[in-house]
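Subject: Handover of a structure, with notes on helix packing and cavities

Dear colleague,

I am passing on the structure below, followed by some notes on what was found in it. Please read them with the structure open beside you.

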Amino acid sequence: MKQFMLSICLLCACTTLQAQGRKHTTFYDQRATLFEVLPTSKKDIIFLGNSITNGGEWTELLGNPHAKNRGISGDRTDGVLDRLHVITKGKPAKIFLLIGINDLSGGRSIEEIAKNIDEIAERIKKESPSTRLYLQSVLPLNPKFNMFVDHMSRKKDVPALNALIKDIANRRGLTYIDLFSEFVVPGTQDMNPDYSNDGLHLLGKGYQNWVRILKPYLGK
């Protein structure tokens, strides 16, 4: 029910956005302006992304007060670019980026998405050279829940997008973290239903799995 209500809220927000000719949703503006007044420092580990990142209680999950949530539900690569200066001004130690699935559902090509992710990486390098950026793969989807039709229609494009994200990481000397393989049902391209109850967002067990995957990168 919680995920269903979130979906309805995001749908309404997007409808309002279109009607008003706004660039971003009201929820985006609420979160983005909150991040503007929250302090960050060189010790911080920033989790940057959309609703999947937004849903994680990162400080508690990692037991680290420097782990900070900078996810915005519904965000896309252009949204990250528009608010990136707020992230980089604090010169954080690490940024874990997970973005792209909402770009797919919105009709963007994987090449356009990759170009924006590459620009995000370039901006971080320029604006905060000491920050270590980790590019995380987009998670798999599972259509069996009959939700998020626009997302599910692009399910087949996720592996190809991840390949482009990996190429960006290799070309720029960044760390690529393959979440997809750790969340998929073996032998398929479907999100493991143990980790999600709507085919897109994560259950608590999903966040625990994510933290398990990230642990080797947190101390580096």
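The angles run from 0 to 180 degrees between N-to-C directions, and the axes are lines fitted to C-alpha atoms, for helices over the stretch in contact. Helices (H or I, at least four residues) and strands (E, at least two) are DSSP runs numbered from the N terminus.

Please keep in mind that this is a predicted model, in which local features need pLDDT of at least 70 and side-chain atom pairs count only at pLDDT 80 or more, while totals for chains, interfaces and linings use all residues. Residues are numbered from 1 along each chain as its sequence is written, and side-chain values use heavy atoms, with hydrogens and water left out.

Helix packing

The axes of helix α7 (residues 110-127) and helix α9 (residues 158-172) come within 10 Å and cross at roughly 30°, and the two helices are therefore roughly parallel to each other. The crossing of α7 and α9 is right-handed, a term used when the near helix is turned clockwise from the far one by less than a right angle, anticlockwise being left-handed. Among the residues of α7 that meet α9 are I110, I113, A114 and I117, and those of α9 include L161, L164, I165 and I168, where contact means heavy atoms within 4.5 Å. By class, this contact of α7 with α9 has 10 nonpolar, no polar and six charged residues (Ala, Val, Leu, Ile, Met, Phe, Trp, Tyr, Cys and Pro count as nonpolar, Asp, Glu, Lys and Arg as charged, and the others, Gly among them, as polar).

Helix α5 (residues 77-88) also has an axis that comes within 10 Å of that of α7, and the two cross at roughly 10°, which makes α5 roughly parallel to α7. The contact includes V80, L81 and L84 of α5 and I113, I117 and I120 of α7, and by class it has seven nonpolar, four polar and four charged residues.

On α5 there is a further contact, with helix α2 (residues 26-37), whose axis comes within 9 Å of that of α5 and crosses it at roughly 20°, so that α2 is roughly parallel to α5. Here Y28, F35 and E36 of α2 meet G79, D82, R83 and V86 of α5.

Cavities

A search of the whole structure finds two cavities of 30 Å³ or more; a cavity is a set of points, on a 1 Å grid over the protein atoms alone, where a 1.4 Å probe fits but cannot get out, and lining residues have an atom within 4 Å of a point. The volume is the space filled by probe spheres set on the points, which are joined across faces, edges and corners.

The largest cavity holds about 50 Å³ of space, and its lining has nine nonpolar, two polar and no charged residues, including N50, I52 and L200.

With best wishes

Note on methods: Angles under 35 degrees count as roughly parallel, over 145 as roughly antiparallel, 65 to 115 as roughly perpendicular and the rest as oblique. On a 1 Å grid over the protein atoms alone, a cavity is a set of points where a 1.4 Å probe fits but cannot get out, and a pocket is an open set with protein on both sides within 12 Å along at least five of seven lines; lining residues have an atom within 4 Å of a point.
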